[in-house]
Amino acid sequence: MEKTEYRAVIKYYHVKGMTPSEIHEDVVTTLTDTASSYATVKHWVNEFQRDREIVEDDSEPGRPPTATPENNIDLALGMLMQDRQISCREIAERLGISTERADNIVTKELGFSMVSARMLDREKSQEKSRAL
């Protein structure tokens, strides 16, 4: 069973008026090894007593799912096309991001590399070195 299914069962038993220990006992006899711990059952009964309605996890704060938004990649590419001698530090300052993030955009996302103070498309620079 998934976490949300366990929580739904706990919520159902709570609505029926069972105590956390009764709920845990019933879940253990029914599900044996895969049953939730007593602490988990008690936690969710407390949540439902505080009028929680949903059984899904709350969204967690922190880093957004995409650390590099597409608009930053597009803006960095535009800067590189206008000025091939622009540094990652300058890109970072203009976009308001860290120099590490700007370097990641330039090298990993866009595939550019630094060669004698000019940004070159990595594939073109590799082709030239193979030709030599």
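**Salt bridges and a helix pair**

Hi everyone, let's start with a pair of side chains: Glu-93 and Arg-89 form a salt bridge, with their closest N and O atoms 3.1 Å apart. By salt bridge I mean a side-chain nitrogen of Lys or Arg within 4 Å of a carboxyl oxygen of Asp or Glu.

Before going on, a word on the model: it is predicted, so local features need pLDDT of at least 70 and side-chain atom pairs count only at pLDDT 80 or more, while totals for chains, interfaces and linings use all residues. Residues are numbered from 1 along each chain as its sequence is written, and side-chain values use heavy atoms, with hydrogens and water left out.

Back to our pair. Both residues sit in helix 5 (residues 88-95), 4 residues apart, which is about one turn of the helix. Helices here are DSSP runs of H or I, at least four residues long, numbered from the N terminus. Glu-93 is exposed, at 55% relative accessibility, whereas Arg-89 is partly exposed, at 47%. The scale is this: buried is under 20% relative accessible area, exposed is over 50%, and partly exposed is in between, using a 1.4 Å probe and protein chains only.

Glu-47 counts as buried because its relative accessibility is 17%. Arg-52 is buried too, at 14%, but Arg-50 is exposed, at 56%. The count of salt bridges comes to 4.

Let's return to helix 5 and look at its neighbour. The axes of helix 5 and helix 6 (residues 99-109) come within 8 Å and cross at roughly 110°. Those axes are lines fitted to C-alpha atoms over the stretch in contact, with angles from 0 to 180 degrees between N-to-C directions. So helix 5 is roughly perpendicular to helix 6, a label that covers 65 to 115 degrees.

Who touches whom? On the helix 5 side we have Cys-88, Arg-89, Ile-91 and Ala-92, and they meet Thr-99, Ala-102, Asp-103 and Val-106 in helix 6; contact means heavy atoms within 4.5 Å. By class, this contact has 5 nonpolar, 1 polar and 2 charged residues. Here Ala, Val, Leu, Ile, Met, Phe, Trp, Tyr, Cys and Pro count as nonpolar, Asp, Glu, Lys and Arg as charged, and the others, Gly among them, as polar.

Conventions: Helix = DSSP H or I, 4+ residues; strand = E, 2+ residues; numbered from the N terminus. Parallel < 35°, antiparallel > 145°, perpendicular 65-115°, else oblique.
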